[in-house]
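Please study the sequence and the structure shown here before reading on. The briefing that follows is arranged by topic.

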4 protein chains.
Amino acid sequence: MTDINKYFKNITSKERAIFEAGISLGALYHQFIGTPISIETVQSLEKTIKESITLQPCITDVKINIDKTLIKTEENKLGYSELQGEMLNIKLTSQYKDETIIAKLEYIPKLQYPLMYIE
Amino acid sequence: MTDINKYFKNITSKERAIFEAGISLGALYHQFIGTPISIETVQSLEKTIKESITLQPCITDVKINIDKTLIKTEENKLGYSELQGEMLNIKLTSQYKDETIIAKLEYIPKLQYPLMYIE
Amino acid sequence: MTDINKYFKNITSKERAIFEAGISLGALYHQFIGTPISIETVQSLEKTIKESITLQPCITDVKINIDKTLIKTEENKLGYSELQGEMLNIKLTSQYKDETIIAKLEYIPKLQYPLMYIE
Amino acid sequence: MTDINKYFKNITSKERAIFEAGISLGALYHQFIGTPISIETVQSLEKTIKESITLQPCITDVKINIDKTLIKTEENKLGYSELQGEMLNIKLTSQYKDETIIAKLEYIPKLQYPLMYIE
């Protein structure tokens with residue numbers, strides 16, 4: 001990891017943690033949105049998202065909850081739905097050196113928007 | 001499912017099974033390519049791909065094997081790689097009424113191409 | 001293309017055209033769903049989807065219409081929306097040898113489903 | 001945009017610009033990787049990526065260059081390739097209030113990694 005850190009010399013440890021949290025939230029959203037999902041498969045998809053995002057730099061923990069009620073509400077006549085931004089509730093811990101931040105992804109109905117922010 | 005079948009009145013049961021197999025192979029490829037992956041997470045990703053694709057119409061079984069050797073070969077200096085077409089080996093069973101077909105996704109080095117075909 | 005055709009010896013020309021149409025519809029759906037979109041960018045996204053899918057085997061034409069009314073309805077408080085299955089209306093021509101078929105992707109409200117079928 | 005800013009009260013303007021840059025780089029990478037591409041379609045794909053990412057909060061400019069030499073090198077026997085991390089060279093301007101930062105996505109051969117960093 002020595003090599004990579006030289007690219008971040010001009011930002012603080014906190015800024016680095018924030019940058020990496022942003023990358024990982026943007027990545028997981030656009031990687032997994034659209035995945036076919038049902039009540040039976042949701043647990044496995046949560047595990048896969050958590051594990052794949054934890055591989056990325058600085059991410060030390062991912063808590064993810066996909067809304068089971070919405071999976072049922074959005075179910076099509078073929079018995080499944082697809083992963084949508086409204087279903088995602090994510091809490092991600094990003095750490096660089098002595099700085100740790102918590103970033104969240106949460107659907108905000110007033111904004112009609114799956115907002116990513118720093119807690 | 002009665003409603004949906006009226007859209008397929010002009011094709012045979014075998015053609016329907018083949019069409020749905022094509023959709024599911026194209027879908028899983030473009031949904032999951034790019035996912036961060038490592039030897040530790042591959043099993044969970046295989047399970048998620050299998051489960052999500054089995055939700056789609058006519059798909060009754062999915063066998064998936066992601067190439068562990070390639071995951072190691074393609075590993076970046078941060079300790080993981082990302083899912084690529086070369087890594088995927090998939091066998092998918094698609095059934096409509098009394099017709100069952102096997103479709104495959106397999107990387108063909110001579111074509112430099114992750115080929116999808118009917119077995 | 002000689003090499004690739006040997007993998008399809010056991011199916012008819014029409015079945016091949018249908019299989020490739022299925023692949024391309026599944027591919028484009030799961031590649032582009034989730035893309036940020038607005039009235040200003042929709043034309044460029046339509047062009048990109050059409051061009052990228054026309055590269056795939058057997059696809060000779062793609063007509064695509066993304067629902068502009070829905071883009072406005074689904075707009076978030078930040079002034080854009082994201083590409084959803086409900087917005088897509090696609091007509092795809094797939095040809096193998098002397099067989100040509102038309103495949104469609106169309107949202108069917110009664111099924112709450114973006115249905116892919118053969119016309 | 002007033003509503004959204006209250007979620008960012010606890011970080012500085014520069015941190016906000018950095019966070020949004022991270023989101024947009026992660027988003028575009030995982031949205032578009034895997035797209036079928038050729039020399040004929042690259043210009044349109046560049047335009048679509050630029051336009052869709054410019055819709056996201058704080059992003060005021062996107063310069064994108066997809067490596068044409070690599071598109072040819074990676075071409076399969078069917079005459080096209082697919083968008084890969086190695087092909088992407090992106091420079092993104094992110095601004096919040098009086099703070100502007102430049103973020104980059106660039107493949108670093110020594111790391112075998114498409115690195116996202118702050119210039």
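**Confidence in the predicted model**

In this predicted model, chain A has a mean pLDDT of 96, and 98% of its residues reach 70 or more. For the complex, the predictor gives an ipTM of 0.96 and a pTM of 0.97.

**Arrangement of the copies**

- In general, two copies of a chain are related by a rotation about an axis and a shift along it.
- Chain B is superposed on chain D by a rotation of 180° with 0.0 Å of shift along its axis, and the RMSD is 0.0 Å. The two copies are therefore related as by a two-fold rotation axis. Both copies use the same surface, for 100% of the contact residues of chain B recur in chain D.
- Chain A can also be laid on chain D, by a turn of 180° and a shift of 0.0 Å along the axis, with an RMSD of 0.0 Å. Because 100% of the interface residues of chain A are also interface residues in chain D, these copies meet through the same surface.

**Strands of chain C**

- Strand E2 (residues 59-66) of chain C runs antiparallel to strand E4 (residues 88-96) of chain C, and seven bridges join them. In this pairing, C:Asn65 stands opposite C:Asn89 in E4(C).
- E4(C) also pairs with strand E5 (residues 99-108) of chain C, in the antiparallel sense and over eight bridges. Here C:Ser94 stands opposite C:Ile101 in E5(C).
- How many residues lie between E4(C) and E5(C) in their hairpin? There are two residues between them, and C:Lys97 in the turn has a positive phi of about 50°.
- As a general rule, the side chains of a regular strand alternate between the two faces of the sheet.

**Salt bridges**

- Over all chains, the count comes to 32 salt bridges.
- In chain D, the side chains of D:Arg16 and D:Glu20 meet in a salt bridge, with 3.0 Å from N to O. Both residues lie in helix H2 (residues 13-32) of chain D, four residues apart, which is about one turn of the helix.
- Are D:Arg16 and D:Glu20 buried or exposed? D:Arg16 has a relative accessibility of 1%, under the 20% limit, and therefore counts as buried. D:Glu20 is likewise buried, because its relative accessible area is 3%.
- In chain A, A:Lys72 forms a salt bridge with A:Glu75, and their closest N and O atoms are 3.1 Å apart. A:Lys72 counts as partly exposed at 49% relative accessibility, and A:Glu75 is partly exposed with a relative accessible area of 25%.
- In chain B, B:Lys63 forms a salt bridge with B:Asp61, the closest N and O atoms being 3.0 Å apart. B:Lys63 has a relative accessibility of 52%, over the 50% limit, and so counts as exposed. B:Asp61, in contrast, is partly exposed, with a relative accessible area of 24%.
- A network of salt bridges links A:Lys50, A:Asp61 and A:Lys63.

**Two serine residues**

- C:Ser38 lies in the loop between strand E1 (36-37) and helix H3 (42-54) of chain C. Its relative accessibility is 5%, so C:Ser38 counts as buried.
- Which residues does C:Ser38 touch, not counting residues up to four places away in sequence? C:Ser38 touches C:Ile71, C:Gly79 and C:Tyr80, together with D:Leu55.
- B:Ser13 is placed in helix H2 (residues 13-32) of chain B. B:Ser13 and B:Gln95 are 82 residues apart in sequence, while their C-alpha atoms are 8.4 Å apart in space.
- When residues up to four places away in sequence are not counted, B:Ser13 touches B:Tyr96, B:Lys97, B:Asp98 and B:Glu99.

**Cysteine residues**

- A disulfide is, in general, a covalent bond between the sulfur atoms of two cysteines.
- B:Cys58 has a relative accessibility of 12% and so counts as buried. C:Cys58 is also buried, because its relative accessible area is 13%.

Note on methods. Residues numbered from 1 in each chain as written. Chains lettered and ligands numbered in written order. Predicted model: local features only at pLDDT ≥ 70, side-chain atom pairs only at ≥ 80, totals over all residues. Heavy atoms only, no water. pLDDT = per-residue confidence, 0-100. Least-squares fit on C-alpha atoms with pLDDT ≥ 70 in both. Contact = heavy atoms within 4.5 Å. Buried < 20%, exposed > 50% of the residue type's maximum accessible area, 1.4 Å probe, protein only. Salt bridge = Lys/Arg side-chain N within 4 Å of Asp/Glu carboxyl O. Pairing = 2+ DSSP bridges.
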